[in-house]
Amino acid sequence: MEKILKTLTELYGPSGEEETVREKILELVGKRADSTFTDQLGNLFVLFRGNAPKILISAHMDEIGIIVTNIDENGFLRLAPLGGLSPSILTGQRLRFKSGLIGLVYHEKINDLKELTWPKLYLDIGQKSRSEAEKVVAIGDLACFDQPFVSVPGSRFLAKAMDNRAGCAVLVETISGLKRPLPQEVCFVFSVQEELGLRGAKTAAFGYEPDYGLAVDVTRVGDTPKADNMAVSLGLGPAIKVKDSSVITHPLIRRFMVDQAKNLNIDYQLEVLERGGTDAGAIHLSRAGVPSGALSIPCRYVHTPSEMVDSADLENAVNLLSGLLRVPWPAVTEGHL
Ligand code: CO
Ligand code: ZN
């Protein structure tokens, strides 16, 4: 798990340029599936055929990043966010372009931190003029954080893009341990552009027409000094989502997940995330509605260059997801909650 997580988190993959991540995941799991395919948006589907119903398990491949909006006469770049990023988090950070080019984010003179807004930020790529800069970047180029994966003493990992390569790693591990025959059809989708508004999951659900949806993604925690009030902590088990800004987990799916966690003796937490969404938000609104839920990996410092997860939560997320796929999913009939 650690090796896969290191590999995946260190890859470049801001929303819209997920191809490096997609190729690596395909290499890791492609041979195990009945078929793999990519849709027009770039979602990667990894299909295990079976009888009805059809379950779609989604983890987004993209990470937050920036897009270059302007290059000035002195070769400094201006930026806009791709996903939920704050200027104060970005200041002083190195960013990496797909080409490997590295730049440093800094800001114009300000008198107060409150003045630190996007128009004040610039990216210094060490070029002396616009024409020099234009040889190595163009308007519209994307960049993401440049940070190595770190395993700290104990059980925790730090990396950029834990959101959501941690989820991708959980899917990869689950796929690797999947035992056939499966009681129903399962399609794993490694989705694109989640950070821009669950875009990949929307076309994935439209295309695959699942009977159930499940997103695997990170969630925030409330266990750091004077954090927002949130009943999820690092290391106390994967979280079963009850609600976020994009979805209310179908009660039947929530109960099914809780029951399976209890049956398997896996510690779990219940998650109510007040701000933020996930792929389940798009999946459950497809067609006439798809009963959906989410399995969340507790994560500190979401959307910063160093997001922290606990290895026990990752292992148990794999155990719980694997357990969920070994049994038939409950029938959802109209009005049956
Ligand atoms: Co995110
Ligand atoms: Zn995410």
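Contact here means heavy atoms within 4.5 Å. The model is predicted: local features need pLDDT of at least 70, side-chain atom pairs count only at pLDDT 80 or more, and totals for chains, interfaces and linings use all residues. Residues are numbered from 1 along each chain as its sequence is written, chains are lettered from A and ligands numbered from 1 in the order in which they are written, and side-chain values use heavy atoms, with hydrogens and water left out.

1. Core around Ile25. Leaving aside residues up to four places away in sequence, Ile25 touches Leu8, Gly30, Leu44, Met61, Cys168, Val172 and Phe190. The largest nonpolar core has 57 residues, and Ile25, Ile57, Phe188 and Phe190 touch the most other members. Such a core is a set of buried Ala, Val, Leu, Ile, Met, Phe, Trp, Tyr and Cys residues joined through side-chain atoms within 4.5 Å. Helix H5 (residues 162-176) supplies the largest share of this core, eight residues. Apart from it lies another core, of 22 residues, including Leu79, Leu85, Leu116 and Trp118. Buried means under 20% relative accessible area, exposed over 50%, and partly exposed in between (1.4 Å probe, protein chains only). Helices (H or I, at least four residues) and strands (E, at least two) are DSSP runs, numbered from the N terminus.

2. Domains. The bounds come from an automatic or database domain assignment, which gives domain 1 (2-63 + 160-325) and domain 2 (65-145). The domain centres, taken over C-alpha atoms, are separated by 31 Å. In contact across the two are 15 residues of domain 1 and 14 residues of domain 2.

3. Cobalt site. Asp163 (OD), Glu195 (OE), Glu195 (OE) and His303 (NE2) coordinate the cobalt ion (ligand 1) at 1.8 to 2.5 Å. Donors are N, O and S atoms within 2.8 Å of the metal (3.2 Å for Na, K and Ca); water is not among the atoms, so sites may look incomplete. The angles among the four donor atoms run from 56 to 149°, and the site is irregular. Four donors count as tetrahedral if all angles lie between 85 and 135 degrees; four count as square planar and six as octahedral if opposite donors are over 155 degrees apart and all others between 65 and 115; anything else is irregular. Along the chain, the cobalt donors follow the spacing D-x31-E-x107-H. Asp163 lies in helix H5 and Glu195 in the loop between strand E12 (185-191) and helix H6 (199-208), so the pair ties together parts 32 residues apart in sequence. Asp163 is buried at 6% relative accessibility, and Glu195 is buried at 13%.

4. Zinc site. The protein donors of the zinc ion (ligand 2) are His60 (NE2), Asp163 (OD), Asp217 (OD) and Asp217 (OD), at 1.9 to 2.6 Å. This site is irregular as well, with angles of 52 to 148° among its four donor atoms. His60 lies in strand E3 (residues 54-60) and Asp217 in strand E13 (residues 212-219), so this pair ties together parts 157 residues apart in sequence. His60 is buried at 1% relative accessibility, and Asp217 is buried at 5%. The zinc and cobalt ions are 3.3 Å apart, and Asp163 coordinates both.

5. Cysteines. The whole structure has zero disulfides, a disulfide being a pair of cysteine sulfur atoms within 2.5 Å. For Cys168, the closest cysteine sulfur, in Cys299, is 13 Å away, too far for a bond. Cys168 is buried, with a relative accessible area of 0%.
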